[in-house]
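Look at the sequence and the model below before reading on.

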Amino acid sequence: LMATSGPPAREGAEIQTPEGESVGIVTSGTMSPILRKNIAIGYINKPYNKRDTNLQVVVRKKSFPATVVRMPFVPTQYYKP
């Protein structure tokens with residue numbers, strides 16, 4: 001998940017649809033220093049786990065918008081001889 005605003009979602013934060021239906025839980029979240037955005041990893045029920053699905057993350061009893069994105073959040077640039 002990539003949050004578009006608000007604080008970073010931490011472990012245990014609830015993932016909801018825009019209508020308020022609970023569809024998952026965050027297992028890890030932080031602020032990405034490279035992307036300068038809040039990112040989170042979690043379990044999301046099907047069919048809400050599709051890329052570009054708009055969801056909400058509940059942090060401190062407030063809902064903040066988030067979007068399902070593909071991992072890795074930042075493409076790797078390994079050196080391969």
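Gln16 has Ser22 as its bridge partner in β3. Strands here are DSSP runs of E with at least two residues, numbered from the N terminus. β2, residues 14-16, pairs with β3 in the antiparallel sense over three bridges; two strands count as paired if DSSP finds at least two bridges between them. The model is predicted, so local features need pLDDT of at least 70 and side-chain atom pairs pLDDT 80 or more, while totals for chains, interfaces and linings use all residues. Residues are numbered from 1 along each chain as its sequence is written, and side-chain values use heavy atoms, without hydrogens and water.

Six strands close into a barrel in the order β1-β4-β3-β2-β5-β6, with antiparallel pairing.

Ser22 also meets Asn45: Asn45 touches Ser22 and Val23, leaving aside residues up to four places away in sequence. Contact means heavy atoms within 4.5 Å. Asn45 sits in the loop between β4 and β5. Asn45 counts as partly exposed because its relative accessibility is 45%; buried means under 20%, exposed over 50%, and partly exposed in between (1.4 Å probe, protein chains only).

The largest nonpolar core has 14 residues, and among those touching the most other members are Leu1 and Val57. Such a core is a set of buried Ala, Val, Leu, Ile, Met, Phe, Trp, Tyr and Cys residues joined through side-chain atoms within 4.5 Å.

β5 gives the most, three residues.

Definitions and conventions. Helix = DSSP H or I, 4+ residues; strand = E, 2+ residues; numbered from the N terminus.
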